[in-house]
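I am opening a notebook on a structure that is new to me, and I want to write down what I look up as I go. The entries follow the order in which I turned to each part.

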Amino acid sequence: MTSWTPQWASAPGSLWMEYAPGPGRPPLDGSVDTEVAVVGGGIAGLCTAWELARAGHSVVLLEAGRIASGVTGHTTAKLSALHGMAYAEIRSVHGARAAHLYARSQQLAVEHVAEVADELGIDCDLERLPGYTYTEDPARTKQVREEADAAREAGLPASYVTETPLPFPVAGAVRVEDQAQFHPRKYLLGLAADLERLGGRIYERTRVTGLKEGTPCRVTTDGGHTVVARDVVVATHYPVFDRALLFTRLEPKRELVVAGPVPADRDPGGVFLTPEGGTRSVRTAPYGDEAHRMLIVTGEKFTPGTAEEGEVGERFARLASWARERFDGVEFTHRWATQDNWTTDRLPYVGRLHAGAHHAYVATGFAGWGMSGGVMAGELLAARIRGRDPAWTSLYDPVRLRPLHEAPALLRLQAQVTRHYVGDRMPGAHADSTDDIGPGQGAVVRVGGRRLAVHRDDAGTLHAVSARCTHLGCVVHFNDEERAWECPCHGSRFDTDGQVVEGPAVRPLERFDVEGAEAPAGGDGSGTPSERDEGGQGEGAPGRGEEDTA
């Protein structure tokens, strides 16, 4: 292995996470009854819980970590109904009415945030401004024109333009008026405070591990407690209990973010995105004083668990270089990463958990647009639980399946999973010895007949865990820039000691003493032969208890 020093090793993380976490909520310490249990404390979960509490329902929200701190705490927080090049595709595949319903539901979500922030007096740095999808390539202007036409036909105030406020020329762009950007944690922590004022109960550091549907439903937690509820909403970013096999129709993608201050007079005054170069997204945010703004640039999509050694750091550097070329003199002070899931037909799954579900619901698959999508999901799920069906209910219904359109994507996703499941177990796929692992690095190694994921920290200490993801058993890979083990099959992520960072996995990777790995640390090594060899396999279940991005 070659050694590489991460360029961003000392950079702070998410800009949004610098905002005070607010009061901590206790974990669930006993069994409770409620009308609705919401699993996941990100934007979709908190919005759903608040909508229901405002309508007079008793609500319990369960979060595995801290609310608004997972995917939502690492978003770029563009609040827009203009979703890249979505409308031409939706119109082509699903029809003009579907595009209209999509646009209406997403724009109403933008307006809803503004209305709620004003109603509750939440100072969340909300700014109204235009959104742009642009191209620098003259060969793509026809496609951008078509997107502008499709967005306008769908009901958005869209136009095709050849000039934008960006400090570099574009070949063409879609411009949509009345979009927004905000501070997601300030908004959601304000919403959480009002949820509790309305009688809602929030429990943090409470991981949900089981769901028994029925009348009523029963939700069980890692502390051995039970929440009895008439209805359950699963808003954990990646589906928690996958009874509709949604994992076969979801593709996780990780995306990188860099941010740094620029003079306020260089603020382009909009939210911008191009699909070129692995996607590039630009926005700004208030920063300290009125003389500066924080420039936030996003891009470099990749599948978790597929990056080669040093590749993620190189992606960060490439993203920063792109931004410096276009925003002269910017020095980046923050970097972080975010993650979201893409569906096989590019529309989110919001509605029934599966075809036979009467009291269980899910929200996932926002394709990088989790701010408007999460707010939309909160309104839609609250309406359905209250016996109402908005006009776009069937558009987002997770039970939908469009075989002719989805078949190529389904086959591609399953081929990828099979390739990793089989290929990552082949001889020669991993390091030969722990001696090959340098400080800050990680690799999968055979130790004592077991396949282990081994990381050497900066002090030289080895940390060994099972290499087998506890979701469905794929072999994890090491992300040396973020120092995390990632599953290439369904996007689960674990820290170097095996604790779950991102779902769908719920159980940690089993820990081992690398010097004597005949039995797991804290266990006796019992189980079936395959479990003893690979560290066990678990069911799909929640990760951080988070829900969205973008």
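**Cysteines**

I began with C489, which has a relative accessibility of 6% and therefore counts as buried. The model I am reading is a predicted one, and I keep that in mind for every entry here.

Which cysteine does C489 join in a disulfide? I found that the partner is C474, with the two sulfur atoms 2.0 Å apart. C474 lies in the loop between strand 20 (462-466) and strand 21 (477-479), while C489 lies in the loop between strand 22 (484-486) and strand 23 (493-494), so the bond ties together parts that are 15 residues apart in sequence. I looked up the torsion about the S-S bond of C474 and C489 as well, and at about -95 degrees it makes the disulfide left-handed. C474 is buried too, because its relative accessibility is 3%.

I then checked C469, which takes part in no disulfide, since a pair must have its sulfur atoms within 2.5 Å and the nearest cysteine sulfur to that of C469, belonging to C487, is 4.0 Å away. C469 has a relative accessible area of 0%, so I note it as buried. C47, at 4% relative accessibility, counts as buried as well.

**The chain as a whole**

I stepped back to the overall figures and noted ten helices and 25 strands in the protein chain. Of its 550 residues, 61% are buried. The exposed surface comes to about 20300 Å², and carbon and sulfur atoms supply 49% of that area. When I took the contacts between residues at least 6 apart in sequence, 72% of them turned out to join residues at least 24 apart.

**Confidence**

The pLDDT of the protein chain averages 87, and 86% of the residues score at least 70. Where does pLDDT stay under 50? I found one such stretch at residues 1-10, for which the model has 25 contacts beyond four places in sequence, and another at residues 516-550, for which it has 136 such contacts. Where pLDDT is low, the predicted coordinates should not be read in detail, so I left the details of these stretches alone.

**Helix 2**

Which residues of helix 2 are buried? In this helix, which covers residues 86-94, I listed A86, Y87, I90 and H94 as buried. Looking down the axis of helix 2, I saw these buried residues fall within an arc of 90 degrees, so they line one face of the helix.

I turned next to an open sheet of four strands, in the order 18-19-20-25, whose pairing is antiparallel. Strand 18 (442-447) and strand 25 (511-512) stand at its edges with a single partner strand each, so one side of each is left without a neighbour in the sheet. Strand 20 and strand 25 are joined by two bridges, and V465 stands opposite R511 in strand 25.

Elsewhere I looked at strand 1 (residues 32-39), which pairs with strand 2 in the parallel sense over four bridges, with V36 standing opposite V59 in strand 2. In strand 2 (residues 59-62), V59 and L61 point one way and V60 and L62 the other, and all of them are buried.

**Two loop residues**

Is G270 buried or exposed? Its relative accessible area is 2%, so I recorded G270 as buried; it sits in the loop between strand 11 (250-263) and strand 12 (271-274). Leaving out residues up to four places away in sequence, G270 touches L129, P130, Q181, V282 and R283. G270 and V282 are twelve residues apart in sequence, and their C-alpha atoms are 8.3 Å apart in space.

My last entry is D328, in the loop between helix 6 (311-326) and strand 15 (334-343). At 63% relative accessibility, D328 counts as exposed. Its C-alpha atom is separated by 9.4 Å from that of V262, which is 66 residues away along the chain.

How values were computed: Residues are numbered from 1 along each chain as its sequence is written. This is a predicted model: local features need pLDDT of at least 70, side-chain atom pairs count only at pLDDT 80 or more; totals for chains, interfaces and linings use all residues. Side-chain values use heavy atoms; hydrogens and water are left out. Buried means under 20% relative accessible area, exposed over 50%, partly exposed in between (1.4 Å probe, protein chains only). The arc is that of the directions from the helix axis to the C-beta atoms. pLDDT is the predictor's confidence in each residue, from 0 to 100. Contact means heavy atoms within 4.5 Å. Accessible areas come from the Shrake-Rupley method with a 1.4 Å probe; for residues, only the protein chains shown count as cover. Two strands pair if DSSP finds at least two bridges between them.
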